[in-house]
Structures are given as C-alpha cells and as structure tokens.
Amino acid sequence: MSYDRTVRLGVDYDTAVTAVRKALADQGFGILTEIDVKATLKAKLGHDMEDYLILGACNPPLAHQALEADRSIGLLLPCNVVVRRDGDTTLVQALDPGTMVTLTGLDTLKPVAHDATARLDSALSALSAA
C-alpha cells in the first residue's frame, strides 16, 4: 500500500523549503510543527545525514471535519510533509490523506480525505510546475 504523494524537484533544498511553504499556504495549510531531523540527529546522536525537514501542515476546516467524524483521528493530524535531499535533487513527500480512510474504515472521512488530497496534489503540482 502506497501512503505517500511525492514530487522530485531539481532545485536546492532551501529553495524547495521556501516553495513548499508557499504552495501549502496557497492551499490553505498552515505549518503547526517543524522538525529539522538533520539538526536533531546531529545534536542528540552526533549523526550526520542529508537535509531532512518534517512540516506539520494543517488546514483548520479539514482538521475540524475530520475530528468531528472521529476524535481519534488526531493521531494522524496534522498532514506531515517531508522535504529532503536525495542526491542532486530534493524530494517533497506528503502523507496520502486517503490513509485516514484506509486505517479507520470510516466512510465519513472520505470527503475530508478527498478535499485534502486535492489540495495537497495542487500544492505538489505547483512545485513541479515552478
């Protein structure tokens, strides 16, 4: 089962991070959390790795709808978006919102997942077109 939606960008990491923030904002997502995995692993374990950032993106109306359908869905919120170096390119990966429906089996989450998927796909498409 595929659980991600991914685009590969031929731009540097910092440019990609800036573009991802804008593309998500254009689709109504704010960034609630941010984890710089590279810096954290270096500080805590002395481990070097490629640039790797996890953005916790949230669209409040969609989060509200999902929580109204299932209070436990908060375990899968916010929508995680990863920006990471992969060789000479940068990958942008988003958790497929359909995973909510697959994991819970709740049909009431289908409209939320459909809307979130459309918005994330639009953001990812905007990145690819830039």
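Predicted model: local features only at pLDDT ≥ 70, side-chain atom pairs only at ≥ 80, totals over all residues.
**Strand 5 and its partners**

Strand 5 covers residues 89-95 and strand 4 covers residues 79-86. The two strands run antiparallel and are joined by 6 bridges. One of the pairs between them links Asp86 with Thr89, the latter lying in strand 5. Strand 4 and strand 5 form a hairpin with 2 residues between the strands. In this hairpin Gly87 has a positive phi near 70°.

Strand 5 also pairs with strand 1, which spans residues 4-9. This pairing is antiparallel too, and it extends over 6 bridges. Here Arg8 has Leu91 of strand 5 as its bridge partner.

**The largest pocket**

The largest pocket has a volume of about 160 Å³. Its lining is made up of Tyr3, Asp4, Tyr52, Asn80, Val82, Gln93, Ala94 and Leu95. By class, 5 of these residues are nonpolar, 2 are polar and 1 is charged. Strand 4 and strand 5 each supply at least two residues of this lining. The most comes from strand 5, which gives 3 residues.

**The cavities**

How many cavities of 30 Å³ or more does the structure hold? There are 2 of them.

| Space | Volume |
|---|---|
| Largest pocket | about 160 Å³ |
| Largest cavity | about 150 Å³ |
| Second largest cavity | about 50 Å³ |

The largest cavity holds about 150 Å³ of space. It is lined by 17 residues, and those closest to its centre are Leu77, Pro78, Cys79, Met100 and Ala116. Strand 3 (52-58), helix 3 (60-69) and helix 5 are the elements that give two or more residues to this lining. Helix 3 provides the largest share, with 3 residues. The lining of the largest cavity divides into 15 nonpolar residues, 1 polar residue and 1 charged residue.

Ala116, one of the residues closest to the centre of the largest cavity, belongs to helix 5, which runs over residues 110-129. Is Ala116 buried or exposed? Its relative accessibility is 5%, so Ala116 counts as buried. Apart from neighbours within four places in sequence, Ala116 is in contact with Phe29, Leu62 and Pro97. Between the C-alpha atoms of Ala116 and Glu34 there are 20 Å, and the two residues are 82 residues apart along the chain.

The second largest cavity has a volume of about 50 Å³. Val20, Ala23, Leu24, Val81, Val92, Ala94, Leu120, Ala123, Leu124 and Leu127 line it. Two or more residues of this lining come from each of helix 1 (13-26), strand 5 and helix 5. Which element gives the most to the lining of the second largest cavity? Helix 5 does, with 4 residues. By class, the lining has 10 nonpolar residues, with no polar and no charged ones.

With a relative accessible area of 7%, Ala23 is buried. The C-alpha atoms of Ala23 and Ser122 are separated by 8.1 Å, although the two residues are 99 residues apart along the chain.

**The cysteines**

The count of disulfides comes to 0. Cys58 is in no disulfide, and its nearest cysteine sulfur, that of Cys79, is 7.5 Å away. Cys79 is likewise in no disulfide. A disulfide here requires sulfur atoms within 2.5 Å. Cys58 has a relative accessibility of 15% and counts as buried. Cys79 is buried as well, at a relative accessible area of 16%, and Cys79 is among the residues closest to the centre of the largest cavity.

Notes: Residues numbered from 1 in each chain as written. Heavy atoms only, no water. 1 Å grid on protein atoms, 1.4 Å probe; cavity = no way out; pocket = protein on both sides within 12 Å on 5 of 7 lines; lining within 4 Å. Points joined across faces, edges and corners; volume = space filled by probe spheres on them. Nonpolar A, V, L, I, M, F, W, Y, C, P; charged D, E, K, R; others polar. Pairing = 2+ DSSP bridges. Buried < 20%, exposed > 50% of the residue type's maximum accessible area, 1.4 Å probe, protein only. Contact = heavy atoms within 4.5 Å.
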